[in-house]
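Trainee: Could we go through this structure together? I would like to begin with the terms.

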Amino acid sequence: MAVDDTHAIRRLKHEYCFAIDAGNYEEWAALFTEDGRFVRDDGSTYEGADELYEFANELFDSAFDRVAHLVTNPVIDVDGDDATGQWYLFLLFQDNDGNVGWRQAKYNDQYRKVDGTWRVVESEVTYGVRTDD
């Protein structure tokens with residue numbers, strides 16, 4: 001079953017990217033566990049569906065006109081109903097002023113299978129190279 005679980009976690013991360021890019025912040029927040037967290041590299045933490053929704057809505061709608069989260073190089077380890085994942089992120093964006101750029105980052109994720117479905121327990125992002133440095 002580890003192969004099926006790994007595939008399901010890959011799909012979960014891809015749904016995560018598509019939801020945030022489409023502005024479907026409620027759908028994005030629903031991919032987390034009830035106590036799920038998103039942690040930014042400045043230490044800011046957003047926990048639970050309401051905070052996750054507010055974070056995504058405020059950040060992406062206020063700063064970006066268009067975004068595309070591209071995730072690569074997944075390293076996923078499954079241990080029963082818990083799992084971890086590391087991913088590289090390549091974020092392409094156009095901000096609300098029309099400026100185009102990109103950012104590279106790394107996700108460190110924790111997952112849990114809840115009622116037979118994989119969910120994000122925590123997604124921590126650490127940025128590396130960016131065009132606006």
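Mentor: Helices (H or I, at least four residues) and strands (E, at least two) are DSSP runs, numbered from the N terminus. The expected span of a helix is 1.5 Å times one less than its number of residues. This is a predicted model, in which local features need pLDDT of at least 70, side-chain atom pairs count only at pLDDT 80 or more, and totals for chains, interfaces and linings use all residues. Residues are numbered from 1 along each chain as its sequence is written, and side-chain values use heavy atoms, with hydrogens and water left out.

Trainee: What span should helix H3 have?

Mentor: Helix H3 (residues 48–63) has 16 residues and should span 22 Å; its end C-alpha atoms are 22 Å apart, which agrees.

Trainee: Which residues of H3 are buried?

Mentor: Gly 48, Leu 52, Phe 55, Ala 56 and Phe 60 are buried (under 20% relative accessible area; exposed is over 50%, partly exposed in between, with a 1.4 Å probe and protein chains only). They cover an arc of only 90° around the axis (taken from the directions from the helix axis to the C-beta atoms), so they lie on the same side of H3.

Trainee: And which are exposed on the other side?

Mentor: Asp 50 and Ser 62 are exposed there.

Trainee: Changing topic, is Thr 33 buried or exposed?

Mentor: Thr 33, in strand E1 (residues 32–39), has a relative accessible area of 7%, so Thr 33 is buried.

Trainee: What does Thr 33 contact?

Mentor: Leaving aside neighbours within four places in sequence, Thr 33 is in contact (heavy atoms within 4.5 Å) with Arg 112, Val 114, Arg 119, Val 120 and Val 121.
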